[in-house]
Amino acid sequence: IGDLSVDTANWMKDMSHDIESWIHTNEEPKIDNIEEPMDPELSAEIFELDRCIECGCCIAACGTKRMRPNFKGAVALNRIARYALDPRDHRDEAAMYEIVGDDEGVFGCMTLLGCDDTCPKHLPLQTKIAYLRRKMVQQGM
């Protein structure tokens, strides 16, 4: 069974570092603080994107990734969309643009839908890529 499983740990670690996949905040962490409430609809939308199991199926099925090896892929763009929605992340749209606002990011996607077709969790990958494109176009103007 070992040859049927794929170790994506190094790839995910490198991708997470490349796109800075963590909440950026200027606030000093205070362990005894109560977490601030979040709108339930927004919380559900963020949770939906957090359901990614990091299997790499979207990358394996991506025709763009095959043609452009430096393309970040749907899993990275899904992560960026997740942090763009999160009010606890203090990055502005210009900072997000620096990470994915080019041909290796959101504008490199040729919308072949391989990621959407193969995601075992049925995440809204193409919807979120379109969301990021709109945000990045607004930022670039």
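Predicted model: local features only at pLDDT ≥ 70, side-chain atom pairs only at ≥ 80, totals over all residues.
**Helix packing around α5**

Two packed helices are described by the angle between their axes and the distance between the axes. Helix α2, which spans residues 40-50, and helix α5, which spans residues 74-85, have axes that come within 9 Å and cross at roughly 160°. Angles over 145 degrees count as roughly antiparallel, and α2 is therefore roughly antiparallel to α5. The crossing of these two helices, α2 and α5, is left-handed. On the α2 side the contact is made by L42, E45, I46, L49 and D50, while α5 contributes N78, A81, R82 and L85. Sorted by class, the residues of this contact between α2 and α5 comprise five nonpolar, one polar and three charged.

Helix α1, residues 9-18, also packs with α5, at an angle of about 45° and with the two axes 10 Å apart. The helices α1 and α5 are therefore oblique to each other, and the crossing in which α1 passes α5 is right-handed. Here W11, M12, M15 and S16 of α1 meet V75, A76 and R79 of α5. The contact of α1 with α5 has five nonpolar residues, together with one polar and one charged.

The axes of α5 and helix α6, the latter formed by residues 93-100, come within 11 Å and cross at roughly 175°, which makes α5 roughly antiparallel to α6. From α5 the contact takes L77, I80, Y83 and A84, and from α6 it takes M96, I99 and V100. The residues of this contact between α5 and α6 divide into seven nonpolar, no polar and no charged.

**Pocket and cavities**

Rolling a probe the size of a water molecule over the atoms shows where empty space is left. The largest pocket has a volume of about 550 Å³. It is lined by 16 residues, of which E27, I34, E35, E36 and R88 are the closest to its centre. In the lining of the largest pocket there are seven nonpolar, three polar and six charged residues.

When the whole structure is searched, two cavities of 30 Å³ or more are found. The largest cavity holds about 110 Å³ of space, and among its 15 lining residues those closest to the centre are C52, C55, G56, C58 and C119. The elements that give two or more residues to the lining of this largest cavity are α1 and α3, the latter covering residues 57-60. By class, the lining of the largest cavity has twelve nonpolar residues, one polar and two charged.

The second largest cavity contains about 70 Å³ of space. Its lining is made by 13 residues, and C62, T64, C109, C115 and Q126 lie nearest its centre. Two or more residues of that lining come from each of the elements α4 (63-67), α7 (114-118) and α8 (125-140). The lining of the second largest cavity divides into eight nonpolar and five polar residues, with no charged ones.

The volumes of these spaces are set out below.

| Space | Volume |
|---|---|
| Largest pocket | about 550 Å³ |
| Largest cavity | about 110 Å³ |
| Second largest cavity | about 70 Å³ |

Terms used
Residues numbered from 1 in each chain as written. Heavy atoms only, no water. 1 Å grid on protein atoms, 1.4 Å probe; cavity = no way out; pocket = protein on both sides within 12 Å on 5 of 7 lines; lining within 4 Å. Points joined across faces, edges and corners; volume = space filled by probe spheres on them. Nonpolar A, V, L, I, M, F, W, Y, C, P; charged D, E, K, R; others polar. Axes fitted to C-alpha atoms, helices over the stretch in contact; angles between N-to-C directions. Helix = DSSP H or I, 4+ residues; strand = E, 2+ residues; numbered from the N terminus. Parallel < 35°, antiparallel > 145°, perpendicular 65-115°, else oblique. Left-handed = near helix turned anticlockwise from the far one by under 90°. Contact = heavy atoms within 4.5 Å.
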